[in-house]
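Subject: Structure for your files

Hello,

Here is the structure I promised to pass on. My notes come after it.

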Amino acid sequence: MEISIQQAVTNNRREKPPTDATLGFGKYYSDHMFTMAWNPENKWHDLKITPFAPFNLSPATMVLHYGQTIFEGLKAYRTETGRINLFRPEKNWERLNQSAARLVMPEIDQEVFLTAIQRLVALDRDWVPDSYGASLYIRPTLIGTEPFIGLKPSSTFLFFIITGPVGAYYPGGFNPVSIQVCERYSRAGPGGLGEAKTAANYAASLLAQKEASGQGFNQVLWLDACERKYLEEVGSMNIFLKIKGTLITPPLGGSILGGVTRDSVIRLAKSWNIPVEENRISIEEVLEAQRNGTLEEIFGAGTAAVISPVGLLNYKGESHPIGDGKTGTLAHQLFDEIMGIQYSLKPDPFQWVSPIHLE
Ligand code: COI
């Protein structure tokens, strides 16, 4: 596969941020990006890695008006030996193409997707932080680029990958967050875009998140759009509950994103002989379990945050502590295990990590 590479000149390289607690998430970008274009005649073409730079887009570009965009999130981890690991990148490729089908966008070949990430991360290897907990976030994105403001699928597309060093997603790090159950808004409805990783789902969450933050809560818990009864997701993560020793997570029924971390949590828990149920669970059932003392833990799972323990649930103006309000044992164990595998500090029984080839 031909990927042309134009390296950033030395005096145009960006300064790398310190990889301490100030690193945060989403503030810094590395020196290069990958791009390729699609049109009906040439299909995918013009594969290149160039210096990170703004795009020149017409104000009529379709993505800007109708939101025809999908993306992925994965990370590269530097291990103690200096090797750089990816974690299940083929799952991101799979989901990208599922999102592409829903948003009427062209598929991307697995080899192209994985090779582009390989070459980009290898070129910007110095940007992969060397402290445990920090990593290089990778954001593959596909947008409709036709300059046209009638409503229809775009006929041209741009796929790009940018990367940047990140630390903890939440400023509080791996500490319990407080969650407000959202009664007023929905993230996604049946037949909608919920299972696609597309901007609209994140845009739908902004006002609810703003209102919850205004009332002092860290995140929003989404209920189903029809009855506002069943749990769907928390913030931008999948949700898990441990009740009477069983790990429960809502099933992927079309309105919930099929998270890579969600899948990893389920597989790890099963391998530890923890019963796992992918079942609908109502907010009333959760509160009943909280009242009768059988609700042991709640946590979110996602690429950016990894595992995010929930210490408090607020519903209809009342706050309910979860467990003892501290990080639960299982959340802790999963966080350590997933991070341990990602940084090659623990065995990788499922062969989830693959190295970046640093020739
Ligand atoms: C991720 O977890 O990778 C996401 O894409 C969520 C985003 C809000 C950072």
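Below is what was found, starting with the basis of the values.

This is a predicted model, in which local features need pLDDT of at least 70, side-chain atom pairs count only at pLDDT 80 or more, and totals for chains, interfaces and linings use all residues. Residues are numbered from 1 along each chain as its sequence is written, and side-chain values use heavy atoms, with hydrogens and water left out.

The domain assignment, automatic or from a database, gives domain 1 (4-166) and domain 2 (177-342). Their C-alpha centres lie 27 Å apart. In contact (heavy atoms within 4.5 Å) are 22 residues of domain 1 and 23 residues of domain 2.

Both domains supply at least three residues each to the shell around the ligand. Surrounding the ligand (a heavy atom within 4 Å) are Phe25, Phe71, Gly73, Tyr137, Arg139, Tyr169, Lys197, Tyr202, Ser236, Thr303 and Ala304.

A polar backbone atom of Ala304 is 2.9 Å from a ligand oxygen. Taken alone, the ligand exposes 280 Å² (Shrake-Rupley method, 1.4 Å probe), and the protein buries 89% of that.

Regards

Key: A polar contact is a pair of N or O atoms within 3.5 Å; within protein, one must be able to donate a hydrogen and the other to accept it, and residues adjacent in sequence count only if both atoms are side-chain atoms.
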